[in-house]
Amino acid sequence: MHYLPNEVYHLYNRGNNKQMTFFNDENYLFFLRKINNQLKPICDILCWCLMPNHFHLIVNANEDSCKPRSAFGGKSMQELPYRIGVLLSTYAQAINRQNGTTGSLFQQKTKAKILTAKENQNKKGNYLVNAMHYTHQNPWKAKLVRKIEDWPYSSFPDYCSFRNGKLCNKSLLMQLTGYDLKTFYTDSYNTIEDFDQSDFL
């Protein structure tokens with residue numbers, strides 16, 4: 001994936017062989033601290049959800065995200081994928097130490113799909129808003145919780161103002177979509193129609 005400034009991307013990865021990636025509360029919080037340290041300085045995080053064996057991030061790339069840099073073995077790559085690699089590898093090393101394991105924790109390549117592609121702009125409703133709701137609905141649809149707000153490891157409580165999280169740039173998502181948060185809670189429980197779920201698989 002070659003990232004472009006001012007475009008929105010869905011980043012997704014799951015445990016290698018669908019294994020667990022988060023084993024306790026501190027693992028989730030540790031991963032979020034790493035997102036804050038590695039990714040937030042070079043892109044805008046619009047929403048997120050961490051699940052027991054995978055994660056979803058919706059980010060808006062900027063000029064810093066797309067800058068080329070020297071990476072592993074002198075290979076040139078963009079800043080955002082480089083930092084995603086650092087995030088996942090350092091987290092995996094910590095989990096291997098915790099669990100006394102070795103080897104890969106995540107699948108080799110993090111999937112990145114552009115959500116602001118032209119073909120998505122012609123679909124019913126606001127594609128980015130639907131993507132946000134789809135992301136937040138993950139634990140509820142997986143029957144991990146009875147209500148979406150019962151899952152603490154997503155940006156849903158921040159958008160509901162149940163929590164004052166600082167990771168997401170909520171105002172940017174509103175600016176990009178024209179969405180009104182007054183209907184957010186009700187909208188979050190609605191069935192999402194005409195939404196291309198392949199962008200999230």
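Predicted model: local features only at pLDDT ≥ 70, side-chain atom pairs only at ≥ 80, totals over all residues.

Analyst: In helix α5, 13 of the 15 residues are buried, so α5 is largely enclosed by the rest of the structure. Helix α5 covers residues 127-141 and reaches 19 Å from its first C-alpha to its last, close to the 21 Å expected at 1.5 Å a residue. The helix bends by about 30 degrees at Thr135. At the start of α5, Asn126 brings a side-chain oxygen to within 3.1 Å of the backbone nitrogen of Leu128. After the helix comes Lys143, whose phi is positive, near 60 degrees. As background, an α-helix has 3.6 residues a turn, so residues three or four places apart point the same way.

Now the sheet. It is an open sheet of 4 strands, with antiparallel pairing, in the order β2-β3-β1-β6. Strands β2 (43-51) and β6 (111-114) stand at the edges and have a single partner strand each, so one side of each is left without a neighbour in the sheet. On average, neighbouring strands of this sheet are turned by 20 degrees against each other, direction ignored.

Strand β3 (residues 54-61) is joined to β2 by 8 bridges, and the two run antiparallel. Two of the residue pairs can be named: Cys47 has Ile58 of β3 as its bridge partner, and Cys49 has His56 of β3. A hairpin of 2 residues links β2 to β3. Strand β3 is also joined to β1 by 7 bridges, again antiparallel, and in β3 the bridge partner of Val8 is Asn60.

The burial of β3 can be read residue by residue. His54, His56, Ile58 and Asn60 point one way from the strand, while Phe55, Leu57, Val59 and Ala61 point the other way, and all are buried. With 8 of its 8 residues buried, β3 is largely enclosed by the rest of the structure.

Key: Residues numbered from 1 in each chain as written. Heavy atoms only, no water. Pairing = 2+ DSSP bridges. Axes fitted to C-alpha atoms, helices over the stretch in contact; angles between N-to-C directions. Buried < 20%, exposed > 50% of the residue type's maximum accessible area, 1.4 Å probe, protein only. Expected span 1.5 Å × (residues − 1). Bend = angle between axes of the 7 residues up to and from the residue. Polar contact = N/O pair within 3.5 Å; in protein donor to acceptor, adjacent residues only side chain to side chain.
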